[in-house]
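Reader: I have a new model open and would like to learn how to read it. Could you walk me through it, one feature at a time?

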Amino acid sequence: MENVLFCMVNFILGQLMALFLAYLFRVHAHPTKVSDTTRHWGSMVAGLGISYFCFGKQVVLALVLVIGCYILMITLPITLIHHVTLVSSITFLSVMHIQRQLYEDGVFVIDVTGPMMIMVQKATALAYSLHDGLSGLKDEELTPLQRELVLRKKPSALQYFSYMINFHSVLAGPFFMFADYQDFIEGTHYAKRALNHTVPKDSLDSNRNENPEDAKVTKRVLKPEEEPDPTNVSLSKAGFSFVCAFVTVAILPKFPISHLTEPYFFKSSFMYKTMYIVAVTSLTRHVYYTGWILADSICNMSGMGFNGYDNHGAAKWDLVSNVNVLGIEFGPNLRESLEAWNSGTMKWLRFMVYERAPFQKTLFTYMLSSLWHGFYPGYYLTFIGGAFFTVVARTVRRSVRPHILSRGPKVKFAYDIVTSVATRLNLAYLTFPFVLLRFWGTIEVLKSLYFYQTVIGILVIAVLPKILPPPRNTGKLKPSKVQSEACASQVEAEKTGNTQPPEKDHMKVH
């Protein structure tokens with residue numbers, strides 16, 4: 001227990017050091033004051049120092065992974081670089097997961113496997129972006145997301161290692177793509193996002209290969225006084241992170257997950273067991289909120305994460321945000337709740353698997369997500385449950401929602417309240433194995449709950465479409481007023497050249 005507390009204190013101190021360095025980085029290492037090389041070196045050296053402070057000699061394992069992926073990048077033919085990098089890095093990470101599981105089984109620890117998971121995301125995404133840009137694929141063969149992130153030249157050694165080990169994201173993420181990081185280092189991210197600039201199809205990529213006309217816009221570096229100030233946003237996120245840390249330290253211990261395996265729990269009422277699981281899973285999420293939101297604060301303080309302006313002219317700082325707390329805790333359905341969780345990993349899985357798999361996209365996406373997380377049985381029970389309940393939620397939505405919408409706003413409001421409460425119960429039922437970790441312990445808990453949500457889900461899939469068939473003309477409905485106005489706006493934008501990437505379709509993974 002003392003070792004766990006020591007690791008947690010080290011982690012928090014490391015992130016606080018990164019927050020302070022982020023302020024210095026933005027003010028004193030601004031792109032108008034120092035070169036890109038200086039910013040790369042500063043970001044990388046600070047990342048190495050903070051990593052060593054938190055993990056000691058374990059950081060050598062992370063460096064082995066980073067250096068190994070770099071050797072693959074510069075030596076392999078472009079036709080192999082993506083798949084070999086993925087298999088090699090996932091294999092190395094899996095060995096680390098197994099080692100941790102053998103020696104720290106069932107114990108929450110903060111070790112170097114967390115940063116290595118982010119490094120695997122970065123290395124593999126970089127390899128696939130290079131394959132997309134250098135393998136001869138045409139623009140029309142790439143998805144909008146792949147065109148946005150394609151790379152037409154390999155990064156230098158300094159650019160690569162700075163991207164992999166920068167102090168902004170080395171401890172707890174967030175994951176972001178190389179092109180976004182390079183824009184930040186060069187200082188061009190403000191102009192690009194503020195002007196809502198999208199690289200045209202006939203130009204090369206967002207990684208320094210624009211044609212001259214594009215470069216006039218995308219290469220502009222704003223002066224410090226022209227940039228939006230992220231200090232208030234960053235500090236407010238840091239403050240919320242400390243609230244979550246307080247919940248983690250002061251309240252979560254009163255609801256130990258181990259209680260789910262004790263005799264008293266099994267002798268308790270159905271309502272007690274259900275509410276306890278809701279409480280323990282909700283409180284456990286604050287562990288992740290603490291790390292992710294503080295990491296987002298660090299990025300924002302340095303100037304990273306700017307995402308243009310909203311309709312009221314206020315700067316948005318959510319480009320690299322990894323979690324939307326309100327979306328998770330109050331989302332009206334499972335899809336929206338899952339999309340608000342670990343969105344950086346969502347983007348990575350979408351880019352790596354979902355948009356590339358020729359069939360069974362969801363299955364292969366869940367497979368990679370499972371391997372990346374590790375090998376605790378509880379993880380796989382959660383992922384399998386996630387796939388199952390995604391189908392259940394989709395079935396309910398297709399069969400019930402059209403009838404609800406036809407009955408007016410009051411009925412829809414009541415329906416949204418019911419589905420929101422049901423989603424909270426479903427999230428608890430779905431995710432407690434992820435926290436408990438153990439297979440038979442999870443099965444015993446589910447047995448004591450009579451597998452009630454699983455049974456309901458099976459009945460929904462098998463019976464609901466027969467009792468309440470989805471409207472046959474669902475796919476032929478006339479476009480709504482909002483959709484029509486959106487289409488008109490898109491046409492007008494295309495005429496003026498101010499286009500936006502199309503809205504991404506939804507991918508449901510945990």
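This is a predicted model: local features need pLDDT of at least 70, side-chain atom pairs count only at pLDDT 80 or more; totals for chains, interfaces and linings use all residues.

Reader: How should I think about salt bridges, and how many salt bridges does the count come to?

Author: The general idea is that side chains of opposite charge can pair when their charged atoms come close. Here the cut-off is a Lys or Arg side-chain nitrogen within 4 Å of a carboxyl oxygen of Asp or Glu. By this rule there are 11 salt bridges.

Reader: Which residue forms a salt bridge with Asp 132?

Author: The partner is Arg 356, and the closest N and O atoms are 2.8 Å apart. Asp 132 is buried, at a relative accessible area of 1%, whereas Arg 356 counts as partly exposed at 24%.

Reader: What about Asp 416 and Arg 401: which helices do they lie in?

Author: The side chains of Asp 416 and Arg 401 meet in a salt bridge of 4.0 Å, N to O. Asp 416 lies in helix α19 and Arg 401 in helix α18, so the pair ties together parts 15 residues apart in sequence. Asp 416 is partly exposed, with 21% relative accessible area, and Arg 401 is buried, with 16%. Lys 412 joins in as well: Arg 401, Lys 412 and Asp 416 are linked in a network of salt bridges.

Reader: Now a helix. How do I read α13, and where does α13 bend?

Author: A helix can be read by its span, its bend and its cover. Helix α13 covers residues 270-302, and its 33 residues reach 49 Å from the first C-alpha to the last, close to the 48 Å expected. At Tyr 288, α13 bends by about 30°. The helix is mostly covered, with 26 of its 33 residues buried. Just after α13 comes Gly 303, with a positive phi of about 105°.

Reader: Which residues does Ser 241 touch?

Author: Leaving out residues up to four places away in sequence, Ser 241 touches Thr 290, Ile 293 and Leu 294. Ser 241 is placed in helix α11 and is buried, with a relative accessible area of 0%.

Reader: Finally, the whole chain: how many helices and strands does the chain have?

Author: The chain has 22 helices and zero strands. Of its 510 residues, 50% count as buried. The chain exposes about 24,700 Å², and carbon and sulfur atoms supply 66% of that. Among contacts with a separation of 6 or more, 74% are between residues 24 or more positions apart.

Technical notes:
Residues are numbered from 1 along each chain as its sequence is written. Side-chain values use heavy atoms; hydrogens and water are left out. Helices (H or I, at least four residues) and strands (E, at least two) are DSSP runs, numbered from the N terminus. The expected span of a helix is 1.5 Å times one less than its number of residues. The bend at a residue is the angle between axes fitted to the seven residues ending there and the seven starting there. Buried means under 20% relative accessible area, exposed over 50%, partly exposed in between (1.4 Å probe, protein chains only). Contact means heavy atoms within 4.5 Å. Accessible areas come from the Shrake-Rupley method with a 1.4 Å probe; for residues, only the protein chains shown count as cover.
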